[in-house]
Amino acid sequence: MNETFEIVDLHARIEEREILRGLNLTIRKGEVHAIMGPNGSGKSTLANAIMGNPKYEVTAGEIRLKGENILNLPTEERARKGLFLAFQYPCEVPGVRTANFLKLACNARAGKELDTMDFYDKLQEKMKVLDIEEKFVRRYLNEGFSGGEKKRNEILQMLMLEPEFAVLDETDSGLDIDALKIVCEGVNKLRGPDIGILIITHYERMLRYITPDYVHILVEGRLVRSGGPELAAHLEQFGYDWITKKQ
Amino acid sequence: MNLDAQRALAWQTYQRLPLPSRRDVEWQRFDLRALNLNEIEKRPQSVRVSLNSAPGVTLVPLVDQQPIGRAIPPDEPNKFAALASALWRHGAFLRVPAGHKADRPIEITCEFTGANAVAFPRTLIVLEPGAEATLVQQFTGPGDGVHASLTEVFLEEGARLHYVSFQNLAPGALDFTLKRAHVARNAEIDWVVGMFGGSLTRYDVQCIMDGEGGNSFIYGAGVVDDRQQLAQFTRQHHRVGHTTSDLLFKNVLRDRAATNYAGIIKVEKNANGTNAYQSNRNLVLDKTVQCDTRPILEIESHQLRCTHGATVGRLDENQLYYLRTRGLDDTTARNVLIEAFLDPVLARIQVESVRQEFAEIIHRKVLK
Ligand SMILES: Nc1ncnc2c1ncn2[C@@H]1O[C@H](COP(=O)(O)OP(=O)(O)OP(=O)(O)O)[C@@H](O)[C@H]1O
Ligand SMILES: [Mg+2]
């Protein structure tokens with residue numbers, strides 16, 4: 001079976017403005033990729049195009065999950081097939097309790113009604129991994145959560161849904177040093193032959209905890225350079241000037 | 001006034017008051033053609049009242065217990081209240097003796113059963129000083145025709161009532177309801193009202209703050225669809241100061257439904273130190289609905305805190321997308337958000353089993 005997630009010549013725009021301009025990327029299961037790039041270069045656009053956010057229009061290219069072009073699938077189908085996005089700015093949903101929501105999401109992912117006890121056992125276990133308190137999941141989803149709590153909640157959802165390919169959009173921003181470490185340990189627990197991970201970040205810091213196999217640099221809607229972890233270290237030192245000048 | 005005199009006066013009042021008309025601001029844009037009051041006094045009354053009491057309280061059929069008619073007098077200037085005062089035959093009387101704390105929820109169920117019938121269930125609730133109780137009242141049943149209910153509540157000094165009431169009548173019911181609570185010194189009513197059934201429904205929910213230190217919390221949820229018309233009138237009347245009333249009515253509308261909310265806050269001249277809050281929030285699910293909301297302030301005191309607000313909004317696209325990225329299909333995501341909108345009302349219900357029952361009714365109605 002073709003265990004890859006492929007983005008082929010992807011063009012996407014928002015409100016008539018072309019943001020992604022021919023992006024190519026292949027992630028195999030077991031791999032961790034990182035994308036770094038300046039503000040506004042299109043990183044979150046890529047993440048949302050992958051999930052099928054209706055605000056973003058894909059004008060050319062393909063996104064293939066295990067060989068199947070998923071561009072015509074609605075967002076929820078993509079999620080059920082194992083795609084996951086940890087949002088840069090997770091949405092607040094007052095009135096929906098986090099645990100109840102997670103139950104619905106896990107049922108949707110499993111394609112069946114899960115046993116309530118099994119679900120709660122698993123939830124407890126994952127909360128322990130992420131050092132999340134019980135009362136947290138009884139609150140309304142993300143409402144009044146601190147920036148860091150929201151990010152932690154995204155990763156809790158990821159651990160519960162066990163995706164096949166996950167995009168983490170600036171999960172590190174807003175996390176304090178201890179929280180970053182805990183979250184990264186959580187991601188590392190999930191890391192393995194059954195999942196491909198794409199980490200979007202501005203800082204090498206997160207990549208020190210989760211060593212990527214590949215690092216890509218996104219500038220103006222295209223991947224302009226790819227390499228190993230050393231690329232991230234280099235960027236940290238020299239900034240994007242170094243890349244854009246070289247172009 | 002004895003009951004016969006009350007009935008006679010009420011009938012006169014009923015006959016004197018005009019039929020509702022679309023020209024009245026409170027019925028504007030409503031379709032009243034289904035309302036037929038011809039020879040209403042001759043139609044069969046079909047309502048079944050079941051009572052489920054708790055130890056130490058009196059819960060019996062209403063006959064002529066006191067103080068019937070004191071909160072809602074026979075000459076109440078409301079055509080349907082007068083009609084019910086004149087013709088009612090069935091009802092419930094609840095008295096919780098002084099200092100007694102009922103240890104489990106008390107239930108009153110009024111079932112409207114007949115076809116082309118009428119029902120006038122009347123309820124009288126008295127909590128003596130320091131008494132505490134939870135009361136769950138349901139208006140339900142397959143009946144069609146005119147249903148007009150009256151509920152009078154008296155909370156004496158320091159009494160506390162958690163009152164959950166919901167109306168879940170069949171589509172053929174035309175429901176006119178008036179509920180009025182008197183709240184004495186240091187007493188508190190924690191009230192949750194659900195409005196779900198009937199094709200034409202008028203709900204009047206009122207609290208009268210008679211004593212310092214009294215509190216009223218009134219939370220309402222309405223879910224209407226399929227051409228249902230729901231008129232809501234709330235009144236927070238502060239007769240004395242150092243009293244608090246806090247009201248939130250939330251409605252969900254779709255499929256040619258209409259709501260018309262009017263909320264009055266009345267603060268009398270010397271009722272200084274009043275806190276009065278009123279809010280009406282409406283979630284509109286499609287463009288076929290009508291939603292009107294009117295706050296009305298009648299304030300004569302100068303030292304008070306008062307806020308009121310009304311909103312009419314739609315589902316949030318970002319929230320929908322967020323839920324869908326977690327695998328919830330569009331319909332489920334929408335239903336989750338609709339129920340979420342009403343959750344702050346549900347959350348006021350203190351008894352888990354009652355909250356679940358209430359949630360279940362909302363869930364079924366939303367899934368429809
Ligand atoms: N809703 C929107 N309407 C208009 N323009 C938008 C919208 N969302 C994003 N953009 C624009 O698209 C471009 C790419 O945005 P995107 O969010 O993908 O950048 P990013 O690489 O994730 O940046 P950051 O590092 O700041 O998160 C930006 O110029 C942004 O202003
Ligand atoms: Mg971004």
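Which residues coordinate the magnesium ion (ligand 2)? A:S44 (OG) and A:Q88 (OE1) do, at 2.0 to 2.1 Å.

## About the model

This is a predicted model, in which local features need pLDDT of at least 70, side-chain atom pairs count only at pLDDT 80 or more, and totals for chains, interfaces and linings use all residues. Residues are numbered from 1 along each chain as its sequence is written, chains are lettered from A and ligands numbered from 1 in the order in which they are written, and side-chain values use heavy atoms, without hydrogens and water.

## The magnesium site

Donors are N, O and S atoms within 2.8 Å of the metal (3.2 Å for Na, K and Ca); water is not among the atoms, so sites may look incomplete. A:S44 sits in helix α1 (residues 43-51) of chain A, and A:Q88 in the loop between β6 (83-86) and β7 (93-97) of chain A, so the pair ties together parts that are 44 residues apart in sequence. Helices (H or I, at least four residues) and strands (E, at least two) are DSSP runs, numbered from the N terminus.

A:S44 is partly exposed, at 21% relative accessible area. A:Q88 is buried, at 14%. Buried means under 20%, exposed over 50%, partly exposed in between (1.4 Å probe, protein chains only).

## Around ligand 1

Ligand 1 is surrounded by 16 residues, each with a heavy atom within 4 Å of it. Among the closest are A:K43 and A:S44.

Polar contacts are pairs of N or O atoms within 3.5 Å; within protein, one must be able to donate a hydrogen and the other to accept it, and residues adjacent in sequence count only if both atoms are side-chain atoms. A polar side-chain atom of A:K43 lies 2.7 Å from an oxygen atom of ligand 1.
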